[in-house]
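Let's take a walk through this structure and look at how some of its side chains pair up. Keep the 3D view open as you read.

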Amino acid sequence: MNKSVFLGALTVAGIAAGAAAAGTLDDVKARGKLNCGVTTGLVGFAAPNANGEWEGFDVAVCRAVAAATLGDSTAVEFVPTTGKTRFTALASGEIDMLARNTTWTFSRDVDLKFEFTGVNYYDGQGFMVPKDLGVSSAKELDGATVCIQTGTTTELNLADFFRSNNISYEPVPIETNAEAQQQYLAGACDVYTTDASGLAATRATFDDPAGHVLLPEIISKEPLGPLVRHGDNEWGDVVRWTLNALITAEELGVTSANLAEMSAGTNNPEINRLLGTEGTLGEMLGLSADWAKSAIAAGGNYGEIFAKNIGEDTPIGLARGLNAQWTEGGLLYSPPFR
């Protein structure tokens, strides 16, 4: 690590330590609003709709946390961030949490002093090319120009992939997905590389999605999830267990449609603890007894959120795959509510 990068990491870490000391849970309650960092716009994950209202898979996580904390899923200020600005925004306290297709890595967790509160999407880096380029494998991209978002893990993964396959490329640096889409469609780059889910979301917005293909190679592990500042453990627990509540609700069959019925009490003790009809889990978090019920009511359980925003019946068309419940062969697994 060169000196400037090292000092930059220390600066972010120092800001984070100071911001965390304030106690974010108390701040959010006093403010009456959650400040949630999201992407500048990625359809299906986080983007304003025609009415200017933010919606998407990551947006739903923000709304669930607001509902759990404040009892109001609309009490959210969405703050657009780029790959370069997202960590400074979180460290400085401009945002309370980041829910922006951000990969959990060692250095981000340890060196930058952030706390990843779980994984809401298991992903991997892929490549998209125009169909008429005639390429069927990323290993055929020797000499290609590649649009790549700066300040991301994809930038480093790309260099590793081309070096290990002894092929060359010319990077075309971009900061936002919108810029990448514009450059790619204008022919400024032969290839666009990012998380495979992001490529699917971007392709879905094209006038001719069929004219572009996702190559078969997935060259990395990209566990994406929300994060908070190190040292702010009480707030970290709220964000972590809100995500777990959405995952557990799907596993236990609690949906937006049967939530009211289930909240009246069931013969399953874990459902009762989850929904606050028995036990003191809400009190342990510093929240109301029905915090998880409010979180689930905001947009449904994890499966409902996935299906509505990015699932196979949406233009993005993502299969559950690794993001299926552990009981269905996927990796989704929440610790027990007890």
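**Side chains that meet**

Start with Asp160 and Arg163, which form a salt bridge whose closest N and O atoms are 3.8 Å apart. Keep in mind that this is a predicted model. Both residues sit in helix α6 (residues 153–164), three residues apart, and that's about one turn of the helix. Asp160 is partly exposed, with a relative accessible area of 40%, whereas Arg163 is exposed at 67%.

In total, the count comes to seven salt bridges. Another one of them joins the side chains of Lys33 and Glu77, at 3.8 Å from N to O. Lys33 is in the loop between α2 (24–31) and β1 (34–39) while Glu77 is in strand β4 (residues 76–81), so this pair ties together parts that are 44 residues apart in sequence. Glu175 and Lys84 also meet in a salt bridge, at 4.0 Å from N to O. That pair links distant parts of the chain, 91 residues apart. There's a network too: salt bridges link Glu115, Asp237 and Arg240.

Now for the rings. A search of the whole structure turns up 17 aromatic pairs. Take Trp104 and Phe116: their ring centres are 5.5 Å apart and their planes are at 5°, so the pair is stacked. Trp104 counts as partly exposed at 34% relative accessibility, but Phe116 counts as buried at 2%.

Elsewhere, Phe45, Phe57, Tyr121, Tyr302 and Phe306 form one aromatic cluster. Look at Phe306 once again: Arg320 lies over the face of its ring, 5.2 Å from the ring centre.

Note on methods. Residues numbered from 1 in each chain as written. Predicted model: local features only at pLDDT ≥ 70, side-chain atom pairs only at ≥ 80, totals over all residues. Heavy atoms only, no water. Phe/Tyr/Trp six-rings, centres within 6.5 Å; stacked < 30°, edge-to-face > 60°. Buried < 20%, exposed > 50% of the residue type's maximum accessible area, 1.4 Å probe, protein only. Lys NZ or Arg CZ within 6 Å of the ring centre and 35° of its normal. Helix = DSSP H or I, 4+ residues; strand = E, 2+ residues; numbered from the N terminus.
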